[in-house]
Amino acid sequence: MRTISPPAPERLLAMLCFSTFLGFLTVGLPLPVISLYVHEQLGFGSVLVGTAVGIQFLSTLLTRGYAGRIADTQGPRPAMINGLWLCALSGLLYIATDWLPLSAEGRLGVMIIGRLILGYGQSLLVAGMLGWGIGTVGGARSGKVMAWTGMAIYGAMALGAPLGLWLYRQVDLALVGLLVGLLPALGVLLVRNIPTVPVTAGERRSFIRVLGSIWQPGMGLALQGVGFAAIGAFISLHFVHEGWAGAGLALTCFGLSFALVRVFFGHLPDKLGGPRVAVVALMVEAAGLFVLYLAPSAPWALAGAAITGLGSSLIFPSLGLVVVSRVEPQMRATALGGYAAFQDVAYGLTGPLAGLMVGAYGYASAFLLGAIAALIALVIALQLSWVYGKRTATC
């Protein structure tokens, strides 16, 4: 009798990542649309535009620890699946935003509720994906799981941004919301038969104590995230203001270059050491943001976005290896959730703060802010690299 062997762990990881890709299309599809809808259709200024974009990341920030705790104590499978369903629910609220006979303020309120729900769904999705993925392929390949997860996330940004913008221009926000509602359901179907992983027993530290162990790489990640948040919130409006074509392509250039680095160089953090790779990556990211800030034309701006993607690609897994090394296995999802929360701080605050700068100095100033933040993160990465070098030398 022929024996059917179970799927290889890498194949299961690929299926989990594709489901994550579908889930994060709910972030990528509306990302360039939200700012245009709030500004053009609802008539609000740059501060509320930045708030509508950034409120999702604030929601994710506030729920990271809780989502990580669910993944560690109840298992990553329910965390990921529930996260996908919440992402789908946000799409229904985008439809309601477009269709309900409300005032501009009322529509903005409905949209913000949807953004808050999406933020919590994203939190559960990432915590579940990382816990499920690492549990499937083993802790020794944590860097690979983080790299593949990042490819799924930013690949969704690269595809979702221009697609969402095109759909919005051709029809309306409701069609974008419909896709946001349907795609996560496909993700649930994809992972429904993947074996769950057991919950690891052991003493569990409080979330505050975990943050105390990982704050340094977390701060580096937060500062690195300012650049992407600025691009996500204001690149479309920057292109429109300058009269340039290809607004949706900027996030595509960012996402494609990000994904290519993950594909061809994703092994480098495990091989060379995470902090060392982060040093080079942050230099490249800062250079890309300066190019975007100084860009005299659309091709230069697209090149700046692509260079920023090249630099941003390996920072999460590089500094994430420091996080994994500082916590026990039963706290892994909580720690990685807390680590990602630092990035959410950047995403949540960059929108409204950069909005104030944009109002005073123009859209390009948001990218200058991101470049300066990346250089500060570089100082943190250099310190972590020096400590890593000392430890390696004594081994």
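## Exercises on burial, cores and a cavity

Ala-377 belongs to helix α15, which covers residues 365–394; helices here are DSSP runs of H or I with at least four residues, numbered from the N terminus. The model is a predicted one, in which local features need pLDDT of at least 70 and side-chain atom pairs count only at pLDDT 80 or more, while totals for chains, interfaces and linings use all residues. Residues are numbered from 1 along each chain as its sequence is written, and side-chain values use heavy atoms, with hydrogens and water left out.

**Exercise 1.** Determine whether Ala-377 is buried or exposed, and list what Ala-377 touches beyond residues up to four places away in sequence.

*Solution.* Begin with the cut-offs, by which buried means under 20% relative accessible area, exposed over 50%, and partly exposed in between, with a 1.4 Å probe and protein chains only. Ala-377 has a relative accessible area of 1% and is therefore buried. Next, taking contact to mean heavy atoms within 4.5 Å, the partners of Ala-377 outside four places in sequence are Gly-220, Leu-223, Gln-224 and Leu-282. Finally, Gly-225 lies 152 residues from Ala-377 in sequence, yet the two C-alpha atoms are 9.7 Å apart in space.

**Exercise 2.** Identify which residues of the largest nonpolar core touch the most other members, and which helix gives the most to this core.

*Solution.* A nonpolar core is a set of buried Ala, Val, Leu, Ile, Met, Phe, Trp, Tyr and Cys residues joined through side-chain atoms within 4.5 Å. The largest such core has 115 residues, and within it Val-38 and Phe-239 touch the most other members. Helix α8, residues 207–242, gives the most to this core, with 15 residues. Apart from this core lies another, of seven residues, including Ala-67, Ala-71, Leu-124 and Ala-333.

**Exercise 3.** Characterise the largest cavity by its volume and by its lining.

*Solution.* On a 1 Å grid over the protein atoms alone, a cavity is a set of points where a 1.4 Å probe fits but cannot get out, and lining residues have an atom within 4 Å of a point. Grid points are joined across faces, edges and corners, and the volume is the space filled by probe spheres set on the points. The structure holds one cavity of 30 Å³ or more, and the largest cavity contains about 260 Å³ of space. Its lining has 23 residues, of which Ile-153, Tyr-154, Phe-316, Gln-343 and Tyr-347 lie nearest the centre. Helix α6 gives the most to this lining, with six residues.

**Exercise 4.** Decide whether Val-47 is buried, partly exposed or exposed, and state where Val-47 is placed.

*Solution.* Val-47 lies in helix α3 and, at 36% relative accessibility, counts as partly exposed. Beyond residues up to four places away in sequence, Val-47 touches Gly-355 and Leu-356. Leu-58 is also in helix α3, and its 34% relative accessibility makes Leu-58 partly exposed.

Technical notes. Helices (H or I, at least four residues) and strands (E, at least two) are DSSP runs, numbered from the N terminus. On a 1 Å grid over the protein atoms alone, a cavity is a set of points where a 1.4 Å probe fits but cannot get out, and a pocket is an open set with protein on both sides within 12 Å along at least five of seven lines; lining residues have an atom within 4 Å of a point.
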